[in-house]
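Take a look at the chain below. Then read on for a short tour, from the whole down to single rings.

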Amino acid sequence: MPCTNLQHLPLQYMNAMIFAVEEINHSSALLPGVKLGYYIHDSCALSAWALPAAFSMVGGDAPTCNAAAGYEEETGERTGDQTVPLIIGGDSSATAQILSRILGPLHVPLLSYTASCTCLSDRQQYPNFFRTMASDVFQAQAVVQLAIHFKWTWIGAVIANNDYGHMAVKVFQEGIQGAGICLAFVETLQRENIVNDARRAALTIQASTAKVILIFTWYTDVRELFVQLDNLNVTDRQFLASEAWSASSDLLQNPISYKVARGVLGVAIRSSPLPGFENYIKNLNPSLRPGDEFLKEFWEKEFDCIPRDTSHSSVASSPVRSDGSLQRAALPPCNGAETLEGVHDVFTDASQLRVTYNVYLAVYAAAHALHTLLSCPDIGSPPGNNISACSFPKLIKPSELMQHLSKVNFTTPQGELFYFQGADITAKYDLVNWQSTSEGQLRLVLIGRVDGFDLHLNDSAIQWSTGSDQVPVSVCSESCPPGTRVATRKGEPICCFDCIPCADGEISNATGSPHCDRCPSEFWSNAERTACIPRQLDFLSFNETLGITLTAVAVSGAVVTTAVFVVFLYHRQTPVVRANNSELSFLLLLSLKLCFMCSLVFIGRPSVWSCRFQQAAFGISFVLCVSCLQVKTIVVLAAFRSARPGAEALMKWFGPAQQRGSVCFFTCIQVVICIIWLSLSPPIPQPDLDVPGLKVTLKCAMASVVGFSLILGYIGLLGCTSLLLAFLARKLPDNFNEAKLITFSMLIFCAVWVAFVPAYVSSPGKYAVAVEIFAILASSFGLLFCIFAPKCFIILLRPEKNTKRHLMAR
């Protein structure tokens, strides 16, 4: 059954081959003395039709080969024709695979200009296959580069349900690994069920948040997909096109494409000019090519007339229809004035030659291989330039031609270097953009090129689907701003994530940071978590509320203590003052005043000397205070014990000198501890960098915890001993028993300092200092009021009780 509906673009491919053959035949440098001929067979894009043509060519039968090249020998008186075992064809990857497998055992080279399947690069399976079309893997990698370049991380894909589509999406997925790009979905289109598949794919595109859609399929499938998208009114997607449809004039001229697919960004086969080819096409005429049945059929359809009968034909140099029985309608004969000068269609359009140029390159590759095969060196002549000096072989072996074809390396008439890498050539693509015109149509605009793995792109020349010059955004989740980090969602692609603010002390200063970086210990994060800033030194200052309050309380305590001292000094001869060991009372008041005043040393900016002095002053002042209470308690106990018969000599050991000596001894022990501690490892002012926060407390760091523990431990030992002695003396029969007062005061003292330790440890920064000051003031006020308040009450408000008789009453 003959095929119908002559396609204009393949007609241009055929004439590109004829054009190249004629160029070579007129060349004095390439195949001099040799004339190429050709046989052309119309396979109607069917593998089943291409197969018998290949067998026919290999078997040497009638000229019915897919695209065969021959040469005509012209050497003096000797002439003859010989068929060259090489086929230019395999218009699809499927056809090329079939032909290559069949012709492989015969070593017949197959040179394709459109087969792009990556599988054909396998030299183990297809050792006789060559192509002037780049492998699909390169265009898939080019699309990956585009996605990375424009920072599209959420992309949908619609592919043909065959090796072409599945290979492309596989290469794309491999290329985006590690680039933070994900496929939102992959929809397949089967040509036998194209309407339903296109409808399903259109619904998926509509429902998806992906704004960029990659399409790897044929233009006929894309046309149906656009129809379905138009039905759903989906017009805001940015499409990435494969070379199979990126330059399709059928889609560009379709009104639906203008609504749905403006701004398409695609990879197209490299367009290269062929000087003289446009004039060649325009000057074609059936009268000059009488054996060209294709041209006759085109002429009839274009001009509605039958070309004048020209029966002279040359089979060796003219294309013929394989069916041999072209049915013509009853049309009038042409008048001979018809010309292609005014015809504008894809056949006569030579502005962008893509596959056409691949056909042209295939002919030149075959010619150069044949040239190398037929060349032999001559004396004084460089190799490969002297054919006439050698005798022609009677039969060219296919394996010889295939060997020379794999090694071709030449510069095309357009100045490009051409060579094969296995079956492939260096990938060269155009990057094209579908741009709308003022007439409401789409036009193809070149916006960049791909050379191998290098991408050259003019971003400013792109017209996007949105109609603006802003690159469309296609992400599953917006990029995390500085100050946050990416947190992936469980069970979702890595492109779908949440943005988690950085923790205190951590920053991220880049968009989309996968983690937050911790600031150095001397720095802290700013409020936005975008930069590390120096930490601010903080300490308990006299200028802040807490410092002012504590200072006021300490000064008040010192003033009250001074007032009590004055009252006792004024009434020193009264029984109340004398009965309670006035000398120790005055010393106790002095030590309490020192306790109140030493708390002020803890306020203000710590320095080397203040850090040393504050702990020593605190330790010595409290030991002096507690020593006085302990000696007072011992004196009370000794006084009552001496009142018993036979115990009169007991008081000799607790006279005023012994009392002063005991207080001095107990205090000197603390002084020695402080001297040793401050000499060996004194506290030093140091920022407390372990505490989080922008403000870091400048504190007196304990270089040796042992020294500080000994100071507190010694104070605690004296306090516990005083409490125990006072507790034993609490029920002595005097009406005014100071042991009871000492008991209460020491209970308060011990309670305060027992609570101090956990409060001090758990308080952050400068508040730890405030807790220590509070403990000093609270224990000092407890001692002051418990011991001296009752006495001052009697001295000032109940003077009638300030008698010896009243004090001695039981």
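## Surface and overall make-up

The protein chain exposes about 37500 Å², and carbon and sulfur atoms supply 59% of that area. Accessible areas come from the Shrake-Rupley method with a 1.4 Å probe, and for residues only the protein chains shown count as cover. This is a predicted model: local features need pLDDT of at least 70, side-chain atom pairs count only at pLDDT 80 or more, and totals for chains, interfaces and linings use all residues. Residues are numbered from 1 along each chain as its sequence is written, and side-chain values use heavy atoms, with hydrogens and water left out.

The chain has 22 helices and 24 strands. These are DSSP runs, numbered from the N terminus: helices are H or I with at least four residues, strands are E with at least two. Of the 810 residues, 50% are buried. Buried means under 20% relative accessible area; exposed is over 50%, and partly exposed lies in between (1.4 Å probe, protein chains only). Now take contacts, meaning heavy atoms within 4.5 Å. Among those between residues at least 6 apart in sequence, 70% join residues at least 24 apart.

## A three-stranded sheet

Three strands make an open sheet, in the order β22-β24-β23, with mixed pairing. Two strands pair if DSSP finds at least two bridges between them. The edges are β22 (536-538) and β23 (684-687), each pairing on one side only.

How many bridges join β22 to β24? Three do, and the two strands run parallel. Strand β24 covers residues 695-701.

## Aromatic rings

The structure holds 28 aromatic pairs. Rings of Phe, Tyr and Trp (its six-membered ring) pair if their centres lie within 6.5 Å; planes under 30 degrees apart count as stacked, over 60 as edge-to-face and the rest as tilted. Consider Phe19 and Phe277: their ring centres are 5.4 Å apart and their planes stand at 70°, so the pair is edge-to-face. Phe19 sits in helix α1 (residues 8-25) and Phe277 in helix α10 (residues 277-282), so the pair ties together parts that are 258 residues apart in sequence.

Are Phe19 and Phe277 buried or exposed? Both are buried. Ring pairs also link Phe19 and Phe277 with Tyr280, Tyr357, Tyr360 and Tyr364 into a cluster.

## Charges over rings

A charge sits over a ring if NZ of Lys or CZ of Arg is within 6 Å of the ring centre and within 35 degrees of the ring normal. Arg123 lies over the face of Phe130, at 4.9 Å from the ring centre. Lys791 lies over the face of Phe788, at 5.4 Å from the ring centre.
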